[in-house]
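Work through each task with the structure open before you turn to its solution.

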Amino acid sequence: MEHGSIALATLASPPVLFFVLGLAAAFIRSDLKFPEAFAKGLSLFLIMAIGFKGGAEMARASLGDIIPVLLAGVVLSAALPALSFGLLRATTSLPRVDMAAIAAHYGSISIVTFIAASDAARMLQLDTGGAMVAVAAAMEAPAILTGLLLAGAAGRSGGLRLVEPLTNGSIVLLLGAFAIGWISGETGMAAVAPLFVDAFRGVLCLFLLDMGLIAGRGLVEHGRKMRPGVVLHGLYMPLIAAGIALAISRGLGLSPGNAALLMTLAASASYIAVPAAMRLALPKARPALSLTLSLGITFPFNLLIGIPLYFTTAQMVLGGVQ
């Protein structure tokens, strides 16, 4: 597949188009909406499926293969908030606590963005293995500690909230499904393939339709309050983080598929685990600011532009199409 075709195929995929439909429905103020319990069920299914599939693939791999990329992910998660904080301080006049909270979001990851990128890798028939699922889970917590350090709160009672993402339901389910998939291996994967493989993309379409509605309504409600410097941060920070991850991927000798996934993880911004932790640890930070930036700006950017760009760039830099 030509590099231009990679971007076109990703952008024209049904999940991405359903996300665009959700955005459009929100912008025209449609009353289309999903019941909260149904939307949460879709999320749990996708997390379980990606975790189980990653574990089943890891059953065929060597444990030694995962350690370097796992450490790289942890270092990225801990270091990217410092970079984000420095850029915000140079380009905005936000209070320190808001800059620290936003920076923590950009060191952690969006599991839905990762799921969308994993689906793109499967659609492009790229070999990725299962290690990146474990990397995704490992990249949740370090960014929160860095964010608290930047805010000067790590030594206070709020710093104890670092454990929040480790007990977050999404991470517990992701790691648990990963372990079950690893234990059951190919035999277990074959038994649940009709649910976790055949139905996966259809459920992803439904979920991204709902995410489009949420992101669009967040922009409609809060977008006008966002300063240009803050909005631009939500657009350039993913590109900078992805570039750093690409350099690390090249040093580790990752395949183009795994490199694109690491780039996606580095470029994504949390809107589930980190907001929950920041709300408890940094109560003076404004959640509407960081959530609108991560979910309303960076998430659509990554889904519509970033993921195709990361896969295309990884293929060009790391050795052609597999």
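**Exercise 1. An aromatic pair within a helix**

In which helix do F178 and W182 both lie, and how many residues apart are they? Then classify the geometry of their rings and the exposure of each residue.

Solution. This is a predicted model, and the placement comes before the geometry. F178 and W182 both belong to helix α10 (residues 169-198), where they are 4 residues apart, about one turn of the helix. An α-helix has 3.6 residues a turn, so residues three or four places apart point the same way. The next step is the pair itself: the ring centres of F178 and W182 are 5.6 Å apart and the planes stand at 75 degrees, and since planes over 60 degrees apart count as edge-to-face, the pair falls in that class. Finally, F178 has a relative accessible area of 8% and is therefore buried, whereas W182, at 35%, counts as partly exposed.

**Exercise 2. Other aromatic contacts**

How many aromatic pairs does a search of the whole structure find?

Solution. The search of the whole structure gives 6 aromatic pairs. One of them joins F34 and F38, whose ring centres lie 5.8 Å apart with planes at 40 degrees, so this pair is tilted. Turning to the cluster, F19, Y271 and F299 form one aromatic cluster. For the charge, the charged end of K53 sits over the ring of F200, at 3.8 Å from the centre of that ring.

**Exercise 3. Positive phi in loops**

Where are R29 and Q125 found, and are they buried or exposed?

Solution. Begin with the backbone expectation: most residues other than glycine have a negative phi. R29 has a phi near 60 degrees, a positive value in a residue other than glycine, and Q125 likewise has a positive phi near 60 degrees. R29 is placed in the loop between α2 (14-27) and α3 (36-58), and Q125 in the loop between α6 (111-123) and α7. Their accessibilities complete the answer, with R29 exposed at 65% relative accessibility and Q125 exposed at 68%.

**Exercise 4. Buried positions**

Why is helix α7 described as largely enclosed by the rest of the structure? Then describe the surroundings of T292.

Solution. Helix α7 (residues 131-138) has 7 buried residues out of 8, and it is therefore largely enclosed by the rest of the structure. The buried residues are A131, M132, V133, A134, V135, A136 and A137. T292 lies in helix α15 (residues 287-317) and, with 6% relative accessibility, counts as buried. Once its neighbours within four places in sequence are left aside, T292 is in contact with G218, L219, H222, M226 and I297.

**Exercise 5. Confidence**

Solution. The protein chain averages a pLDDT of 85, and 90% of its residues score at least 70.

Note on methods
Residues numbered from 1 in each chain as written. Predicted model: local features only at pLDDT ≥ 70, side-chain atom pairs only at ≥ 80, totals over all residues. Heavy atoms only, no water. pLDDT = per-residue confidence, 0-100. Buried < 20%, exposed > 50% of the residue type's maximum accessible area, 1.4 Å probe, protein only. Helix = DSSP H or I, 4+ residues; strand = E, 2+ residues; numbered from the N terminus. Phe/Tyr/Trp six-rings, centres within 6.5 Å; stacked < 30°, edge-to-face > 60°. Lys NZ or Arg CZ within 6 Å of the ring centre and 35° of its normal. Contact = heavy atoms within 4.5 Å.
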